[in-house]
Amino acid sequence: MSLNEKFEAAAASVKDMKSRPSDAELLELYALYKQATSGDCSIDQPSALDLKGKAKFEAWNGKKGMAQDAAKEAYVSYANTLVTKY
C-alpha cells in the first residue's frame with residue numbers, strides 16, 4: 001500500500017470514530033492534514049477575535065517546513081493512534 005493510499009485510508013477512518021477526540025487532538029490532526037495536502041501555511045493570520053480560526057492557523061503554521069510526505073506519515077501514525085483510542 002502506497003503512502004498516499006495509507007493517508008487516504010487514515011483520513012477516512014478518522015471520520016468513523018465512535019467518540020470525539022479532544023480539541024488538542026483534533027487540532028494536531030488538522031495541522032498534519034493541511035501540511036500533508038497543502039504544504040506550508042499560506043493563509044493570512046485570522047484576527048484575535050476569531051479564536052477557532054486562530055487556533056487552526058497556529059496549529060498548521062507550527063508544522064512549517066515539514067515535508068508533505070513526512071506530514072502524511074505523521075498523520076497516518078497519529079490517526080491510527082486516535083482510532084484505536086476512540
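Trainee: At what angle do the axes of α2 and α4 cross?

Mentor: This is a predicted model. In it, the axes of α2 (residues 23–38) and α4 (residues 68–85) cross at roughly 150 degrees and come within 8 Å. Angles over 145 degrees count as roughly antiparallel, so α2 is roughly antiparallel to α4.

Trainee: Is the crossing left-handed or right-handed?

Mentor: Left-handed, as α2 passes α4.

Trainee: Which residues meet there?

Mentor: From α2, they include L29, L32, Y33 and A36. On the α4 side, A71, Y75, Y78 and L82 are among them. By class, the contact of α2 with α4 has ten nonpolar, four polar and four charged residues.

Trainee: New topic, K85. Is K85 buried or exposed?

Mentor: K85, found in α4, counts as exposed because its relative accessibility is 53%, and the cut-off for exposed is over 50%.

Trainee: What does the side chain of K85 join in a polar contact?

Mentor: The side chain of E25, at 2.8 Å. K85 also lies 9.8 Å from K18, C-alpha to C-alpha, with the two 67 residues apart in sequence.

Trainee: And Q35, buried or exposed?

Mentor: Q35 sits in α2. It counts as buried because its relative accessibility is 0%, and buried means under 20%.

Trainee: Which backbone oxygen does the side chain of Q35 reach?

Mentor: That of M66, at 2.8 Å. Leaving aside residues up to four places away in sequence, Q35 touches M66 and others, including D40, C41, W60 and G65. Q68 and A71 are also among the residues that Q35 touches.

Methods:
Residues numbered from 1 in each chain as written. Predicted model: local features only at pLDDT ≥ 70, side-chain atom pairs only at ≥ 80, totals over all residues. Heavy atoms only, no water. Axes fitted to C-alpha atoms, helices over the stretch in contact; angles between N-to-C directions. Helix = DSSP H or I, 4+ residues; strand = E, 2+ residues; numbered from the N terminus. Parallel < 35°, antiparallel > 145°, perpendicular 65-115°, else oblique. Left-handed = near helix turned anticlockwise from the far one by under 90°. Contact = heavy atoms within 4.5 Å. Nonpolar A, V, L, I, M, F, W, Y, C, P; charged D, E, K, R; others polar. Buried < 20%, exposed > 50% of the residue type's maximum accessible area, 1.4 Å probe, protein only. Polar contact = N/O pair within 3.5 Å; in protein donor to acceptor, adjacent residues only side chain to side chain.
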